[in-house]
Amino acid sequence: MPRSYFTKLLPLLTLLLLFQSPRHPSTAAYAIGVNYGTVADNLPPPSEVAAFIRDHTTIDKVKIFDANPDIITAFANTNISLTITVPDDAVLAVANPSAARAWVAANVLPFFPATRIRRIAVGNEIFATGDRNLIAHLLPAMKAIHAALQSANLAGEIQVSTPHSLGILSISDPPSSGRFRRVYDRVIFAPILEFHRQTNSPFMVCPYPYFGFTDEAGNYALFRPNGGVLDRATGLNYTNMFAAQLDAVYSAMKRVGYGDVDIVVAETGWPSAGDPNQMGVSLDNAASYNANLVKYVSSGVGTPLMPNRTFETYIFSLFNEDLKPGSSEQNFGLFRPDLEPVYDVGVLRNPQFGSPTPVSNKKWCIPRNDASDAALQANIDFVCGSDGVSCKPIQDRAACYEPDTVRSHAAYAMNAYYQSHGRTDFACDFDTTGALTTHDPSKLLGTLSVSKLLFLLVESDEIFYSKFVLFHLAGWYVS
């Protein structure tokens, strides 16, 4: 064989050695915030939680629902930003300036700056309580906490805000028509937004596409491929419900003159388990929503009405919490109390899901025999449009372009996604069009004689290379 062919074989042999050897999946990591709730009786101590987040995840922001001193202390010197909360039952009290100063003295000054307290949330979804007295005292409490921070020379370091549910909107569809509830728009929200403008603090909202899930809008809610929903007033097309909800909030803010105030997503998430037949609740949906959410808010794409923006976002929640009412409420967590992931959304450093998988137990993701070309093309579009997976090998004249069929290209894309997203079952679901196989695709080479391999190489080393890579890397096994 001429020397040039040995030279061309070298990259192939390198790939063979690489993919035959045990390895960990490579998952793109994204920075994201998380809500750390504690309505449970089986959670690890705060010091262990803080160390886990620091050492094993890319989570760089944490929001808690109180001012627990053990948690605040645990995050000291971790370089993780912390949002602490004035509980609802303390809001009336801290509307008094002296009580606000006492609250800051007890819950901020002993810990800052060792713990990077970035923001204080005054109450949580106060408008959802329907308590008019509490609602009336919300802005005075926010102002009093801000004044207390000013007195301690910390107003430039720590912001003050309050999270809102989307129940604050009277209209949200289409997004461009979004508006706050009548009377509250000018009497309550305009003054709150003026406070945010004056203090350079964000308006915090809690969009939950989960609550808008229907069979017809499933892909739209989960960031999966879909035809989109047209806002006829603007001509803008929305391909995910999350963006539509944010734009509805933005429209409401703009309508009262405050479209310049920043928006922070204080909570959003999806339950991985719930009561039998509960619509939209599944491990697959939770993994799909949160993984796609992380990529979306980190992408800088923004929304149709707020293009080219990233959004500080806090997933709800860090843990499954067993003392919450209702099965689905207990299962919003990214992690179990033993710190094992329920699923990975791209925030684990060197995700392993346990020890390295022996070769004999390895799996590959392939299209189901009954999957239509239309469904497989949607899978290709989804994978190739997401971060962390390169589809260059199946582009025209690239290594895995041949055979030029939807099924072959889908085999590459689906398995590439599966291998880079923790090798979990839900990563090969693809709306039930994917299937796992334990057949090692590299054994396909055993069906080809040495003479046939040499013939293919001499005939066209490019053909040999492309078909080998397609079978071996994409995991397309032909029995």
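**Exercise 1. Determine the handedness of the link between cysteine 384 and cysteine 391, and describe the disulfides of the chain.**

Solution. Step 1: the angle about the S-S bond is -90° for cysteine 384 and cysteine 391, and the link is left-handed.

A note on the model: it is predicted, so local features need pLDDT of at least 70 and side-chain atom pairs count only at pLDDT 80 or more, whereas totals for chains, interfaces and linings use all residues. Residues are numbered from 1 along each chain as its sequence is written, and side-chain values use heavy atoms, with hydrogens and water left out.

Step 1: two disulfides are found in total. The other bond joins cysteine 365 to cysteine 428, also with S to S 2.0 Å; it is right-handed, with 85° about the S-S bond. This pair links distant parts of the chain, 63 residues apart: cysteine 365 belongs to strand 14 (residues 364-367), and cysteine 428 to the loop between helix 12 (406-420) and strand 15 (434-437). Here helices (H or I, at least four residues) and strands (E, at least two) are DSSP runs, numbered from the N terminus.

Step 2: with the bonded cysteines numbered in sequence order, the pairing reads 1-4, 2-3.

**Exercise 2. Classify cysteine 384 and cysteine 391 as buried, partly exposed or exposed.**

Solution. Step 1: the classes are buried (under 20% relative accessible area), exposed (over 50%) and partly exposed (in between), for a 1.4 Å probe and protein chains only.

Step 1: cysteine 384 has a relative accessible area of 33% and is therefore partly exposed. Cysteine 391 has 11%, so cysteine 391 is buried.

**Exercise 3. Describe the aromatic pair of tyrosine 36 and phenylalanine 75.**

Solution. Step 1: rings of Phe, Tyr and Trp (its six-membered ring) pair if their centres lie within 6.5 Å; planes under 30 degrees apart count as stacked, over 60 as edge-to-face and the rest as tilted. The structure holds 23 such pairs.

Step 1: the centres of tyrosine 36 and phenylalanine 75 are 6.4 Å apart and the planes 70° apart, an edge-to-face pair. Its members are 39 residues apart, with tyrosine 36 in strand 1 (residues 32-36) and phenylalanine 75 in the loop between helix 3 (69-74) and strand 3 (81-86).

Step 2: tyrosine 36 counts as buried because its relative accessibility is 2%. Phenylalanine 75 is buried because its value is 1%.

**Exercise 4. Identify the strands that pair with strand 4.**

Solution. Step 1: two strands pair if DSSP finds at least two bridges between them.

Step 1: strand 3 pairs with strand 4 in the parallel sense over six bridges, among them the one between valine 86 and valine 122. Strand 4 also runs parallel to strand 5 (residues 159-161), with three bridges; isoleucine 120 has valine 160 as its bridge partner there.

Step 2: strand 4 (residues 116-122) is mostly covered, with five of its seven residues buried.

Note on methods. Disulfide = S-S within 2.5 Å.
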